[in-house]
Amino acid sequence: MSEEKTNQPQLPTSAIDNPASQTLEYWFEYPIRVQPHHTDYGGVVWHGTYLTWMEEARVECLRSIGIDFADLVALGCDLPVVELSVRYHRSIQLGMPAVVKTRMADVNSVRINWDYVIESPDRQELYVTAKVTLVAVDRERGKIMRQLPANVKDALAKISSSLNK
């Protein structure tokens, strides 16, 4: 499989890694199919739709290992997106299937970085690569935390170890 990916183009920005260099076995896969409400008038996926799919994949990735996003929020920690970098490689048309792949790249203090690849189910077409950074915010005070609460850190460590086995 990695041999198929070696022909992917190098990305022009350092904000998004080349998916060819990543070990794809560790990614959570979230299949989608383009519906009419995902597209613009020309039947092409609207750029904001990709962000929705990435968030859905991230939430489902957490759910797949027993972490409900609502439970993280209930622990007093909100995780808003503070940085987003998206590279659109090729458009997706109405009715086409695709796979949104995601993984938690790392946790650095209160910053949680996620990687994304959106590609065709046969892995022959690369549509989007992206990186998203979340930051831990204290829900009561509305301020960025100095460090992740231990229970949130433990929950996120669970996903890191599950995906990187």
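This is a predicted model: local features need pLDDT of at least 70, side-chain atom pairs count only at pLDDT 80 or more; totals for chains, interfaces and linings use all residues.
Residues are numbered from 1 along each chain as its sequence is written, and side-chain values use heavy atoms, with hydrogens and water left out.

The protein chain has 165 residues, of which 44% are buried (under 20% relative accessible area; exposed means over 50% and partly exposed in between, with a 1.4 Å probe and protein chains only). It contains 4 helices and 8 strands (DSSP runs numbered from the N terminus, helices being H or I of at least four residues and strands E of at least two). Read from the N terminus, the order of elements is α-β-α-α-β-β-β-β-β-β-β-α.

Salt bridges (a side-chain nitrogen of Lys or Arg within 4 Å of a carboxyl oxygen of Asp or Glu) number 9 in the structure. Side chains of opposite charge can pair when their charged atoms come close. Together with Glu 29, the residues Lys 101, Glu 119 and Arg 123 are linked in a network of salt bridges.

Another bridge joins Arg 111 and Glu 83, at 3.0 Å from N to O. Here again distant parts of the chain are linked: Arg 111 lies in strand β5 and Glu 83 in strand β3, 28 residues apart. Arg 111 is partly exposed, with a relative accessible area of 33%, and Glu 83 is partly exposed at 44%.

Strand β3 (residues 81-88) also takes part in a nonpolar surface patch, giving it 3 residues, the largest share. The patch is formed by Leu 51, Val 81, Leu 84 and Tyr 88, with about 320 Å² of accessible area together. Patch members have over 30% relative accessible area and no salt bridge; like charges are joined within 9 Å, and nonpolar side chains (Val, Leu, Ile, Met, Phe, Trp, Tyr) within 5 Å. Accessible areas come from the Shrake-Rupley method with a 1.4 Å probe, and for residues only the protein chains shown count as cover. Leu 51 belongs to helix α2 (residues 47-64) and is partly exposed, with a relative accessible area of 33%.

A cavity is a set of points, on a 1 Å grid over the protein atoms alone, where a 1.4 Å probe fits but cannot get out; lining residues have an atom within 4 Å of a point. Grid points are joined across faces, edges and corners, and a volume is the space filled by probe spheres set on the points. The second largest cavity has a volume of about 30 Å³. Its lining consists of Arg 58, Leu 62, Phe 69, Leu 79, Ile 112, Trp 114, Leu 134 and Leu 156, with α2 and β5 (111-119) each giving two or more residues.

Key
On a 1 Å grid over the protein atoms alone, a cavity is a set of points where a 1.4 Å probe fits but cannot get out, and a pocket is an open set with protein on both sides within 12 Å along at least five of seven lines; lining residues have an atom within 4 Å of a point.
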